[in-house]
Amino acid sequence: MKLDAIDMKLLALLQDNAELQISELADRVGLSTTPCWRRVQRLKEAGVITKQVSLVNRKAVNVAVTVFVGIRTSHHNQKWFDNFRATVEAIPEVVEFYRMSGEVDYLLRVVVPDIAAYDAVYKRLTASIELSDVSSSFAMEELKYTTALPLGYAV
């Protein structure tokens with residue numbers, strides 16, 4: 001899908017506040033409400049906008065500790081991966097999960113209330129699947145956090 005300047009403005013506005021009413025969006029991008037609504041619907045149908053969510057304050061729900069977990073494995077077959085993926089997806093404290101290049105095979109971002117809670121996650125993970133190495137790093141301070149994607153690369 002080719003995105004024009006109005007689409008980019010809509011995406012920027014919606015990334016900042018998905019609760020904006022269509023009339024407010026339309027006003028900010030210089031359209032009437034119906035064409036604006038159609039554009040937003042087109043962005044959703046094309047998969048550019050995948051979902052709208054509410055961001056929850058981690059401290060307010062007692063999961064302010066962030067742990068980055070690097071995992072190495074000596075297994076690289078589909079059966080092992082399917083089991084590993086199912087294990088990771090079943091752990092709600094894992095909020096991001098990546099397959100990596102380089103020294104670490106997988107990277108997880110885990111949110112928990114404290115070290116004891118992370119230890120329970122660690123034990124659940126290592127009891128369920130064979131891993132070569134698990135390395136955990138606790139974030140000391142969050143310096144930048146955003147869910148907004150840079151839109152300057154869109155074509």
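A: Helices (H or I, at least four residues) and strands (E, at least two) are DSSP runs, numbered from the N terminus. This is a predicted model, in which local features need pLDDT of at least 70 and side-chain atom pairs count only at pLDDT 80 or more, while totals for chains, interfaces and linings use all residues. Residues are numbered from 1 along each chain as its sequence is written, and side-chain values use heavy atoms, with hydrogens and water left out.

Q: How many helices and strands does the chain contain, and in which order do the elements run?

A: The chain holds five helices and four strands. Read from the N terminus, the order is α-α-α-β-α-β-β-α-β. The chain is more spread out than a compact globule, because its radius of gyration (taken over C-alpha atoms) is 20 Å, well over the 15 Å that the globule rule gives for 155 residues. That rule is 2.2 Å times the number of residues to the power 0.38. Along the principal axes, the C-alpha trace spans about 55 × 35 × 25 Å.

Q: What percentage of the residues count as buried?

A: Buried means under 20% relative accessible area, exposed over 50%, and partly exposed in between, with a 1.4 Å probe and protein chains only. By this criterion, 27% of the 155 residues are buried. Strand E3 is mostly covered, with six of its seven residues buried.

Q: How are the strands paired, and which run antiparallel to E3?

A: Two strands pair if DSSP finds at least two bridges between them. Strand E1 (residues 65–72) and strand E3 (residues 106–112) run antiparallel and are joined by seven bridges. E2 also runs antiparallel to E3, with five bridges between them. On its part, E1 is joined to strand E4 (residues 133–138) by six bridges, again antiparallel.

Q: Which residues stand opposite each other in these pairs?

A: In a regular strand, side chains alternate between the two faces of the sheet. Here, Gly-70 is opposite Leu-107 in E3, and Ile-71 has Tyr-106 as its bridge partner in E3. Ile-71 also stands opposite Val-134 in E4. Tyr-106 in turn is opposite Arg-99.

Q: Where does Val-104 lie, and which residues does it touch?

A: Contact means heavy atoms within 4.5 Å. Val-104 is placed in the loop between strand E2 (94–99) and E3. Leaving aside residues up to four places away in sequence, Val-104 touches Gly-70, Ile-71 and Arg-72. The C-alpha atoms of Val-104 and Ile-71 are separated by 5.8 Å, although these residues are 33 apart along the chain. Val-104 counts as partly exposed, because its relative accessibility is 25%.

Q: What share of the contacts with a separation of 6 or more comes from residues 24 or more positions apart?

A: Such residues account for 64% of those contacts in the chain.

Q: Where does the backbone take a positive phi?

A: One of the cases is Gly-102, with a positive phi near 95° in the hairpin of E2 and E3, which has six residues between the strands. Another is Asn-62, which has a positive phi of about 60° although it is not a glycine. Asn-62 lies in the loop between helix H3 (33–45) and E1. At 49% relative accessibility, Asn-62 counts as partly exposed.
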